Amino acid sequence: MSSEVTDHTDLYEEFSDERLPPGQRKTDRFPVLSKSGTPDWHRDDWRFEVWGAVDEDLTFTYDEFRDLPAETQRQDFHCVTGWSKFDCEFTGVTFPQLAELAGVRDDAEWVMFHALDGYTTDLPLAECDREEVLFVYDYDGERLPDDHGGPLRVVTPHKYAYKGAKWVTGVEFLAEPERGYWEKRGYSDTANPWEEERYS
């Protein structure tokens with residue numbers, strides 16, 4: 001893995017003239033928020049799976065996943081509760097890299113992320129198939145802490161952070177849309193921070 005850091009902090013220019021989305025406050029902290037407590041996991045038992053509308057189902061052990069080609073990116077992180085943290089350095093596997101390994105079928109239109117604690121969240125495939133959507137296992141040069149989603153979480157810097165599942169254990173490619181945990185409970189399915197798309 002290269003030590004080079006790819007800077008994606010200018011991503012906001014697709015959506016706005018302002019780096020900080022409306023209704024957000026900038027923080028240097030990295031608060032811990034989740035729907036429930038931090039789940040236990042064991043390195044020997046942990047698996048990450050890819051299935052659904054793909055040519056080949058995939059399963060990775062912890063070590064196998066960390067052996068995939070990876071990169072380090074500098075991103076901004078926007079929480080739906082109103083805080084943003086700039087210049088986070090995340091290391092992991094890009095969504096397009098994983099999709100290429102599985103071979104996404106032509107009928108795939110949606111993606112559902114699945115997590116160890118039962119959490120799910122959905123996005124259109126077109127919103128996931130970006131280099132900035134990253135399956136992250138290191139944060140600021142250290143192993144991603146368990147309370148921030150370790151061993152693996154998704155980051156989606158163009159969306160509110162609930163679209164990036166913590167403790168992610170799989171990605172399912174879908175031909176038809178389904179709603180995830182918070183989306184079923186009234187949160188926005190589009191989740192664009194610069195449009196303040198917090199709730200449906």
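This is a predicted model: local features need pLDDT of at least 70, side-chain atom pairs count only at pLDDT 80 or more; totals for chains, interfaces and linings use all residues.
Residues are numbered from 1 along each chain as its sequence is written, and side-chain values use heavy atoms, with hydrogens and water left out.

Let me begin with the annotated region. In the UniProt record, an unreviewed entry, the annotation "domain: Oxidoreductase molybdopterin-binding" covers residues 38-182; positions from UniProt are given in the numbering used here, feature names are shortened, and annotations may be inferred rather than shown by experiment. Over residues 38-182 the chain is 12% helix and 41% strand, and the end C-alpha atoms lie 17 Å apart, where helices (H or I, at least four residues) and strands (E, at least two) are DSSP runs numbered from the N terminus.

Strand β5, residues 71-78, is largely enclosed by the rest of the structure, because six of its eight residues are buried; here buried means under 20% relative accessible area, exposed means over 50%, and partly exposed lies in between, with a 1.4 Å probe and protein chains only. For pairing, two strands count if DSSP finds at least two bridges between them. On that basis β1 (residues 5-7) runs parallel to β5, joined by three bridges, and Thr6 stands opposite Gln73 in β5. β5 and β6 run antiparallel with seven bridges, and within that pair Thr72 stands opposite Thr91 in β6. The hairpin of β5 and β6 has four residues between the strands, and Gly82 there takes a positive phi near 115°.

Now to the backbone exceptions. As background, most residues other than glycine have a negative phi, and most peptide bonds are trans. Asp87, in strand β6 (residues 83-94), has a positive phi near 60°, and Asp87 is partly exposed at a relative accessible area of 40%. Ala191, in the segment after β12 (168-174), also has a positive phi near 60°, but Ala191 is buried, with 0% relative accessibility. The peptide bond from Gly150 to Pro151 is cis, with omega near 15°, and Pro151 is found in the loop between β10 (142-143) and β11 (153-155).

A cavity here is a set of points, on a 1 Å grid over the protein atoms alone, where a 1.4 Å probe fits but cannot get out, and lining residues have an atom within 4 Å of a point. Grid points are joined across faces, edges and corners, and a volume is the space filled by probe spheres set on the points. How many cavities of 30 Å³ or more does this rule give? The count comes to three.

The largest cavity holds about 50 Å³ of space, and its lining includes His8, Tyr12, Asp76, His78 and Trp194. β5 and β11 are the elements that give two or more residues to the lining of the second largest cavity, and the largest share, three residues, comes from β11.

Technical notes: On a 1 Å grid over the protein atoms alone, a cavity is a set of points where a 1.4 Å probe fits but cannot get out, and a pocket is an open set with protein on both sides within 12 Å along at least five of seven lines; lining residues have an atom within 4 Å of a point.
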